[in-house]
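This report describes a protein chain by way of its pockets, its overall dimensions and a few individual residues. Please look over the sequence and the structure below before reading on.

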Amino acid sequence: MPSDEPNHILEFPGGYTRSVGPVIGRFLSELRDGRLVGVRTRDGRVLVPPTEYDPDTGEDVTDEFVPVGPVGTVRTWSWVARPRKNHPLDRPFAWALVQPDGADTALLHALDLGVFDEGAAPPKSLRTGMRVRPRWRVERSGAIGDIECFQPEVTMINAPTRLEYRLRSGRALDRFLEGISQGKIIGHRCDVCGQVIVPMKGLCPKDGVPTAQEVELPDTGTVTTFAVNNLPDPRAPEVPFVSAYILLDGAGLTMLALVAGIPADQVRMGMRVKARWRPREEWGKTMANIRWFEPLDEPDVPFDAIKDYL
């Protein structure tokens, strides 16, 4: 089996020393100080990396050096799925032509997209036109390697979203939650329209009149409408899960709850359901006492019977 180890080595002991000239020397000196510069040609273009002559005309460039970048745009790229030992990064990366802002040409350098397993395909974030900036080495010597690599501009953040607060339930909701803590679902009947409001609010949302007559409802009902959710929720048993508006038997308004115990793609309007309560020892003064609603082995309710509750 052939070996990957070299069988010939060409080396200049102590390295190969040469002069770089005033143009390249200025570019490397600026790199050592953590800056990018280009040089202006006689027709006004800015070359990065700078050269001593215009590659299009062969004329000498001017002595005007122009600060560019440090942010730039990827003009083209090539993905390296399996880096070699002499590559600048030890994990998959891209070679990219990066055109710094203010420059008319691009320089070739490594582009770090993050940590990937060896052999990984290029990430979707890697694209022509993406905005990048250099990651500078702490110790710099005046060489192109003073830029360790380029990295994408920050375009997304994951900000903390935790908010702690205390909610006062009010008299009506407090009474409703007291009933839930005892395994009861209590609503208020409106003296005008006769509908039972649950969770009770202390007034009828239709007629605007105060309500006080309590009615205990069963924990069975009908799904009127629902949504399939594909984002995780700590209350749900799995993803995808279903949140649904449920019309409890005897109620005049729907209430929002989870539906489980059935594949999400089998939940339907008119489906009969029953509350799945947590174990009694876990009950508190909270709607979390009802884990979710599960299907009942009963015929679906016709659409016409629930259409006014959608």
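## The largest pocket

The largest pocket has a volume of about 400 Å³. Grid points are joined across faces, edges and corners, and a volume is the space filled by probe spheres set on the points.

The lining of the largest pocket consists of Tyr 165, Leu 167, Arg 168, Ser 169, Leu 173, Phe 176, Leu 177, Lys 285, Thr 286 and Met 287. By class, this lining comprises six nonpolar, two polar and two charged residues, where Ala, Val, Leu, Ile, Met, Phe, Trp, Tyr, Cys and Pro count as nonpolar, Asp, Glu, Lys and Arg as charged, and the others, Gly among them, as polar.

## Basis of the model

The model is predicted, and local features need pLDDT of at least 70, side-chain atom pairs count only at pLDDT 80 or more, while totals for chains, interfaces and linings use all residues. Residues are numbered from 1 along each chain as its sequence is written, and side-chain values use heavy atoms, with hydrogens and water left out.

## The second largest pocket

For the second largest pocket the volume is about 330 Å³, and the lining residues include Arg 235, Ser 243, Arg 278, Met 287 and Trp 292. Strands β14 (255-259) and β16 (290-295) each contribute at least two residues to this lining, and β16 gives the largest share, four residues. The lining of the second largest pocket is made up of eight nonpolar, one polar and three charged residues.

## Overall form

The protein chain contains three helices and 16 strands, taken as DSSP runs numbered from the N terminus (helices H or I, at least four residues; strands E, at least two). Its radius of gyration is 35 Å, well over the 19 Å that the globule rule gives for 310 residues, so the chain is more spread out than a compact globule; the radius is taken over C-alpha atoms, and the rule is 2.2 Å times the number of residues to the power 0.38. Along its principal axes the C-alpha trace spans about 95 × 55 × 40 Å.

Of the 310 residues in the protein chain, 35% are buried, a class that means under 20% relative accessible area, with exposed over 50% and partly exposed in between (1.4 Å probe, protein chains only).

Ile 180 belongs to helix α2 (residues 170-180) and counts as buried, at 0% relative accessibility. Beyond its neighbours within four places in sequence, Ile 180 is in contact (heavy atoms within 4.5 Å) with Ile 185, Trp 277, Thr 286, Met 287, Asn 289 and Ile 290.

Trp 136, by contrast, lies in strand β7 (residues 131-136) and is partly exposed, at 22% relative accessibility. The residues that Trp 136 touches, not counting those up to four places away in sequence, include Leu 31, Gly 34 and Asp 146.

## Cis peptide bonds

Most peptide bonds are trans. Val 48 and Pro 49, however, are joined by a cis peptide bond with omega about -5 degrees, and Pro 49 is placed in the loop between β2 (46-47) and β3 (65-67). A cis peptide bond also joins Val 239 and Pro 240, with omega about 0 degrees; Pro 240 is in the loop between β12 (220-229) and β13 (241-248).

Definitions and conventions. On a 1 Å grid over the protein atoms alone, a cavity is a set of points where a 1.4 Å probe fits but cannot get out, and a pocket is an open set with protein on both sides within 12 Å along at least five of seven lines; lining residues have an atom within 4 Å of a point.
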